[in-house]
Each structure stands twice: as structure tokens, then as C-alpha cells.
Amino acid sequence: MKAMVFHRKGQPLNLETWPDPEPGPNEIRVRIEACAVCRTDLHVIDGELTSPKLPLVPGHEIVGIVDRLGSNVTTLAKGTRVGIPWLGHTCGACPHCQRHEENLCDAPQFTGYTRDGGFATHTLADPAYAFPLDPQADPVALAPLLCAGLIGWRTLKKAGPARTVGIYGFGAAAHIIAQVCHWQGKQVYAFTRPGDTQAQAFARQLGATWAGASTEMPPVALDAALLFAPVGDLVPLALKAVRKGGRVVCGGIHMSDIPAMPYALLWEERQIMSVANLTRADGEEFFPIARKAGVKTHTVTYPLQAANQALEDLRHGRLSGAAVLVPPVGP
């Protein structure tokens, strides 16, 4: 198989040829059709997530076809299109798993971090953590739903019954969840980097009531703010923008330090919350909602060997929507 491989922090990914993987017991092999590129991939490659498997094939927004079954696999058939997300396996035995909090498992495995992911032509997966997907849909359009969509959905759920929702960082997750909010009848207020008029126009195109710089205050007090930009400085600004009793939900897996701030910003029962990973239940809820809401992902495709360019475009904010890698077809 062909794979873009990460060896150490500070080095670009290498295009390499590896033996085709063979599934073990309770594993499936997936021929990859598309894999979206996530900011978490940058956190891995930049060393901000400190314990990757090495060498590593990154990527955890995978869409592909099951082409080989390991022994004992009975839940999926060859030829099934599946999506493989960040959470790749949980122990099932720790207190969190027993409380149906598998996203907080004490011994998890993560796709594209502690197990090889989707910047490749093939990958292995636990069938219990592979979502069956529409065989007629465009795999490139589906790929961003596997993390940007799922984490966006979990972040929105944590916001509670909010009607006015601020979204900070208008990238892959934001452009998906803004469409869900619009379908639900919520008002979306989009916050971008100062001067990023392209992203602000994109947000309004997707139904945002207002779009402006992250340093601005919205024209109304927000019920909740969703933070997808990994910038701790945004937390005090978001707290200032939400009403009494409002929530600020941090949707990223990594964020720069939150600065010291006056207690008055948190007072009056405002809340700061984080989102960790996802659960299979999130997928069972979200994929039908995405279909009903008519979510259309905006993507920029790259050949597999251009993964480094896709990562740099994401790093420097040159994308509207999501980058998606497409591997070569055939051997």
C-alpha cells in the first residue's frame, strides 16, 4: 500500500510503500476512498499531542470500502462503505466505559495517533468503531463528517438549548455545524480572524445572521459560544459575549493557554466546558441529522502525495471548508 508517513516532529510526511495490511481477529481492512485533514493532525505532527505511535500514518476522517474481514467479524460485510473516526477502540471495562462515557475511556486507541490512520490507500479498523455510510454518496463529501461533523455535533449538544449561538473559528467543523444550526432555527454569529472577510462572507452564505472578527462583540448577547479555533485568548472574549448563564464550549482537543481574566467574566453562572473525543452514539445521532438538514460539505481535494501541502494550507488558514486527500485507485 501507499502511505504518507510521520516519523518525527518537525519533519514533513514521507510517501512510502508498505506491505498491504492483513486484518487480525475482530478487525476489518478498508480500501480508502477519501480522508479529510483535521487540525488534530497538525497537533500530532507539531508535537502538541505528545504520544503518537511512530512511525505513524495520520488521518482520522476516513471513508472507504471494507475489502477484507478478520476472523470473528460478523457485523460488517465485504463491500460495505464505512467511516472511521478519531476514536478507534475503547476498553469497555473502565469506569467511564461502564458509565457509557466511552469518549473518556482510560485505555483508548485513536485513529491516526495511536493506530495507523487514513493518509494511505488502506487501513485496519475495529468494526465496532466503523460507521456504515451511504454507498451512493460522494466519499469526498462524507469525509469531513467523520470528525469536523461529529465533534461539531457533540460541541453543539453541550451548548444546551441555545437559540443564539456564536461560532469562533469558521473552518471545517464550523461550516458543517452552522448548517445544522440554521436547519434547527438557531441564529448563528460567526467569528473569524480579524480581516478575514472571505470566511465572514462564507459564514453568511451558510446562513449566519452576523459575521465579524473574533475581537468584536456580537450585536446581541449569545446563549452559547462554540470555540473551534485552538486559541485560548478567545475564551475570555467568548465569555464576554455570552449572556448570564451562558455556556462557552471548547471543541478542540488542544488549545493554547487560557490567559488570566477577571472573575467578573465567569460570574453570573456562565460556564466553560470542553469536549473530549466522541462516542458511537454521537454518530448514530449525527449522520441522520446531517442528511435531514441537507448538510453540504465544502471541500478542497488533494492527491494523497500532496498531504504536506494540505496540512500547510490548513495551518495558514487558506481553506474554506475542509481539505480531503484522495488516494490513487488500484495497486
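Student: Leaving out residues up to four places away in sequence, what does serine 256 touch?
Tutor: Bear in mind that this is a predicted model. Serine 256 touches Pro230, Val231 and Gly232.

Student: And which backbone atom lies 2.8 Å from a polar atom of the serine 256 side chain?
Tutor: That's the backbone nitrogen of glycine 232. There's also a C-alpha separation of 7.8 Å between serine 256 and aspartate 233, which sit 23 residues apart along the chain.

Student: Where does serine 256 lie?
Tutor: In the loop between β14 (242–250) and β15.

Student: You mentioned β15. Which isoleucine is found there?
Tutor: Isoleucine 272, as strand β15 covers residues 271–274. Isoleucine 272 counts as partly exposed, at 35% relative accessibility.

Student: Which residues form a nonpolar patch on the surface?
Tutor: Tyr263, Leu266, Trp267 and Ile272, and together they have about 430 Å² of accessible area.

Student: OK, going inside. Which residues touch the most other members of the largest nonpolar core?
Tutor: Phe119, Ile167, Phe170, Leu226 and Phe286, out of 91 residues in that core. Helix α5 (residues 172–184) gives the most to this core, with seven residues.

Student: What about a second core, how many residues are in that?
Tutor: It's separate and has 17 residues, including Tyr189, Leu239, Ala241 and Val242. In soluble globular proteins, nonpolar side chains tend to be buried together.

Student: Back to helix α5: which histidine has its place there?
Tutor: Histidine 175.

Student: And is histidine 175 buried or exposed?
Tutor: Buried, since its relative accessible area is 0%. Its side chain has a polar atom 2.7 Å from the backbone oxygen of alanine 172.

Student: What is histidine 175 in contact with, leaving aside neighbours within four places in sequence?
Tutor: The list runs Phe170, Phe202, Leu206, Lys296, Thr297, His298, Gly321 and Ala322. Phe170 is also one of the residues that touch the most other members of the largest core.

Student: Switching to charges. How many salt bridges does the structure hold?
Tutor: There are 17. Glutamate 22 forms one with arginine 29, where the closest N and O atoms are 3.7 Å apart. Glutamate 22 is partly exposed, at 48% relative accessible area, while arginine 29 is buried, at 7%.

Student: What about glutamate 22 and arginine 68, where do they lie?
Tutor: Their side chains meet in a salt bridge too, at 2.9 Å from N to O. Glutamate 22 is in the loop between β2 (14–17) and β3 (28–36) and arginine 68 is in strand β4 (residues 61–69), so the pair ties together parts 46 residues apart in sequence. Arginine 68 counts as partly exposed, at 35% relative accessibility.

Student: Which helices do glutamate 285 and lysine 157 lie in?
Tutor: Those two side chains meet in a salt bridge at 2.7 Å, N to O. Glutamate 285 lies in helix α8 (residues 280–293) and lysine 157 in helix α4 (residues 148–158), so this pair ties together parts that are 128 residues apart in sequence. Glutamate 285 is partly exposed at 33% relative accessible area, and lysine 157 is partly exposed at 35%.

Student: Last one: which residues do salt bridges with shared partners join into one network?
Tutor: Glu22, Arg29, Asp67 and Arg68.

Key. Residues are numbered from 1 along each chain as its sequence is written. This is a predicted model: local features need pLDDT of at least 70, side-chain atom pairs count only at pLDDT 80 or more; totals for chains, interfaces and linings use all residues. Side-chain values use heavy atoms; hydrogens and water are left out. Patches are made of residues with over 30% relative accessible area and no salt bridge: like charges are joined within 9 Å, nonpolar side chains (Val, Leu, Ile, Met, Phe, Trp, Tyr) within 5 Å. Accessible areas come from the Shrake-Rupley method with a 1.4 Å probe; for residues, only the protein chains shown count as cover. A salt bridge is a side-chain nitrogen of Lys or Arg within 4 Å of a carboxyl oxygen of Asp or Glu. Helices (H or I, at least four residues) and strands (E, at least two) are DSSP runs, numbered from the N terminus. Buried means under 20% relative accessible area, exposed over 50%, partly exposed in between (1.4 Å probe, protein chains only). Contact means heavy atoms within 4.5 Å. A polar contact is a pair of N or O atoms within 3.5 Å; within protein, one must be able to donate a hydrogen and the other to accept it, and residues adjacent in sequence count only if both atoms are side-chain atoms. A nonpolar core is a set of buried Ala, Val, Leu, Ile, Met, Phe, Trp, Tyr and Cys residues joined through side-chain atoms within 4.5 Å.
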